[in-house]
Amino acid sequence: MKMTGAEIVIQLLERQGIKVIPGIPGGANLPLYDALSKSTSIRHVLARHEQGAGFIAQGMARVTGSPQVCFATSGPGATNLLTAIADAKLDSIPLICITGQVSSSLIGTDAFQEVDVYGMTIPVTKHNFLVRSAAELFRVIPEAFRIASSGRPGPVLIDIPKDVQNQEVSFSGWPEPGRPDPILEPDADSIERAIDLINSAQRPILYLGGGVNHAGAGPLALQLVEKAGLPTTMTLMGLGAIPVDHPLALGMLGMHAAPYTNLALEECDLLIAAGVRFDERATGKVTEFCPRARIIHIDIDPGEIDRLKVAHVGIVGDVNAVISTLLPLVEERPHREWLDFISSLKARYISELNIAKNPHTPCSLIKQAASLLDDEAVIVTDVGQHQMWTARNYPFRRSRQFLTSGGLGTMGFGLPASIGASLACPDRKVVCFSGDGSIMMNIQELATAVEQKTPVKVVLMNNNALGMVRQLQELFYGRRIYETFYTSRVDFVTIAKGFGVETYDLAGVSDPRGILETAFKSDAPCLIHAPIDMQYMVYPMVPPGASNKEMIGGKVRVHS
Amino acid sequence: MFILESEAPEPVRAPCRSTVLQLSVNNHAGVMSHICGLFARRAYNLEGIIVMPVGDGKRSLMWLLVKEDQRLDQVVKQVMKLEDVIEVKNQGIDKETLAQLESFFMRADAQV
């Protein structure tokens, strides 16, 4: 057989099972696009900005758990991808970015649209490649898939110079598609020590993170919770690992947790951390996190064990495999006293200040939306106040139900990630809660949503401000509100109409739920404009850098 | 006035032992950036580096002179996660060779 490098790339991607590739063509990746145009099994999704393409691919990867691919050209095409790559790194998402590069002979000459994307992506990828010859592609493409999906998943970048894309090579056969490395058995000694701690704990708490969702360990985690009687908290990335409305679920921990969750963590004598990285948004001041607890830390990445918090027992392994080993060995414990204590904490504090009857409050809007959706729906957010309101109020009940930019906190994530989720799972309803600050960072992808007929529902909470930053100024900068509100009012309904999106406006309506219901039933992409009061804050809140017990707001006694 | 970096006060350093990590790595143009970048990102100082291709040139051997503080284990774990790193050794490195190299560098510096 004889083929060009570009044709080899497309064939190898087909053999990996790739069906959709978002991207944008340009001078340096035209051979790839020419080869892609002849593919019968891969559909290209033309984004309006490379960051949009990166997040569309991320949306596909986040809902399916399998590596997904996006394309960009050299120079600005590649630099526009960087944010989506860094985002995938921090949330451990298997993303494969294939960028065109100027021809090998021009590398290092400051050629038109040349940038050292290999060098630029070293810190934000799990691994990256600069392909020097077409023959290398037979190794590099399957390797990229193996690396992206093995162990702790992450992004991989493959930079392919234009002459390599055009280079013809003769070859006799195809390599095997790249697959994740096999899962190793957890260390028996660590398992034994963990079991001793679990079975002797009086006040244990299970702490589940994104790794549980990545490993598909939610169902087993739930069995462990119920058998060992473990009150369970989840990180932002872990939400849905077990249903957040389960009697043993304590909701999210950390900066925007319910007070009783953080206070229970103060008292626990054993913290079983699974698939978490002790991020400071979850732990607060880490030296003061769970001061009375022994710690069992289960993670697939050996680099996470003892990194921020020294574990009494560290177990390196796939969370699902580890939990399945622990499950038959843990004793059934009711932990009656401990659960009663937590219930009493819960009764002392109410978590929301705005459980008012007003149907236009952010929390009420989220709950009304939830009442119209089943657990099959995918919920996506952008970044800011609306993200925390959604995390705190939406009843997440399964893994991969909630897509959010946790680690990098990228405003602009929501809309393109929603499009990706809808492309990968056309049978699921996809609802994106966004804000007026975030939506503007990738609003151009409304055009992509219309073209692709992805019926994403964007609920746009508009307070005409960078609400979360404004909240920080209000609370920690002496109420000096500076450059966090907009002086003009953008007419989002008109703009969305201009993109060809179906629009709804909740301004002044008496029955927002009815309008949400109509929008959710539509087969088209919709923008639902929801004006909200700028005064609403995300409470409670732990000041950045403080210990989790120092919560502002939310310390409201129900019966005082 | 332009202030030269050397005019800034010397940072006070806690005395700690140095050690030499020996890395076996894939030899290609980007591998040095991967290793050095990792140390820089994790704010862990590399005191010295020696790299030579070995065998048929597909692999290189790297010697990294580093301070042996309590973060070393963590940095080694991170180094081992790099795809191009085949093996990391922290023992049995021939320190005499390194001492000879040090005096070689000092002589070279004296001639600058």
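## A salt bridge between the chains

The side chains of B:Lys81 and A:Asp301 meet in a salt bridge, 2.6 Å from N to O; a salt bridge is a side-chain nitrogen of Lys or Arg within 4 Å of a carboxyl oxygen of Asp or Glu. A network of salt bridges links A:Arg152, A:Asp301, A:Glu304, A:Arg307 and B:Lys81.

This is a predicted model, in which local features need pLDDT of at least 70 and side-chain atom pairs count only at pLDDT 80 or more, while totals for chains, interfaces and linings use all residues. Residues are numbered from 1 along each chain as its sequence is written, chains are lettered from A and ligands numbered from 1 in the order in which they are written, and side-chain values use heavy atoms, with hydrogens and water left out.

## The interface of chain A and chain B

The size of an interface is often given as the accessible area lost when the parts come together. Chain A and chain B bury about 1,100 Å² between them, 50% of it on carbon and sulfur atoms; this buried area is the accessible area (1.4 Å probe) lost on being put together, summed over both parts. In chain A, the residues that lose the most area to chain B are A:Tyr118, A:Ile122 and A:His127, together 40% of what that side buries.

The contact takes 15 residues from chain A and 13 residues from chain B, where contact means heavy atoms within 4.5 Å. Two salt bridges are found across this interface, as are seven residue pairs in polar contact, both residues at pLDDT 80 or more. A polar contact is a pair of N or O atoms within 3.5 Å; within protein, one must be able to donate a hydrogen and the other to accept it, and residues adjacent in sequence count only if both atoms are side-chain atoms.

## The sheet of chain B

Strands of a sheet pair through backbone hydrogen bonds, either parallel or antiparallel. In chain B, four strands form an open sheet in the order β2-β3-β1-β4, with antiparallel pairing. Here strands (E, at least two residues) and helices (H or I, at least four) are DSSP runs, numbered from the N terminus, and two strands pair if DSSP finds at least two bridges between them. At the edges stand β2 (46–54) and β4 (85–89) of chain B; each has a single partner strand, so one side of each is left without a neighbour in the sheet.

Strands β2(B) and β3 (residues 59–67) of chain B pair over eight bridges. B:Ile49 stands opposite B:Leu64 in β3(B).

## Ser434 in chain A

The six strands of an open sheet in chain A follow the order β16-β15-β17-β18-β20-β19, and their pairing is parallel. A:Ser434 lies in strand β17 of chain A and stands opposite A:Leu460 in β18(A).

Is A:Ser434 buried or exposed? A:Ser434 is buried, because its relative accessibility is 0%; buried means under 20% relative accessible area, exposed over 50%, and partly exposed in between (1.4 Å probe, protein chains only). The side chains of A:Ser434 and A:Asp382 are joined by a polar contact of 2.7 Å.

## Salt bridges within chain A

Over all chains, the whole structure has 26 salt bridges. One of them joins the side chains of A:Arg62 and A:Asp87 at 2.9 Å, N to O. A:Arg62 is in helix α3 and A:Asp87 in helix α4 of chain A, 25 residues apart. A:Arg62 is buried at 4% relative accessible area, and A:Asp87 is buried at 0%.

A:Arg479 and A:Glu474 also meet in a salt bridge, at 3.3 Å. A:Arg479 is exposed at 61%, whereas A:Glu474 is buried at 16%.

Notes: Buried area = accessible area lost by both parts, 1.4 Å probe.
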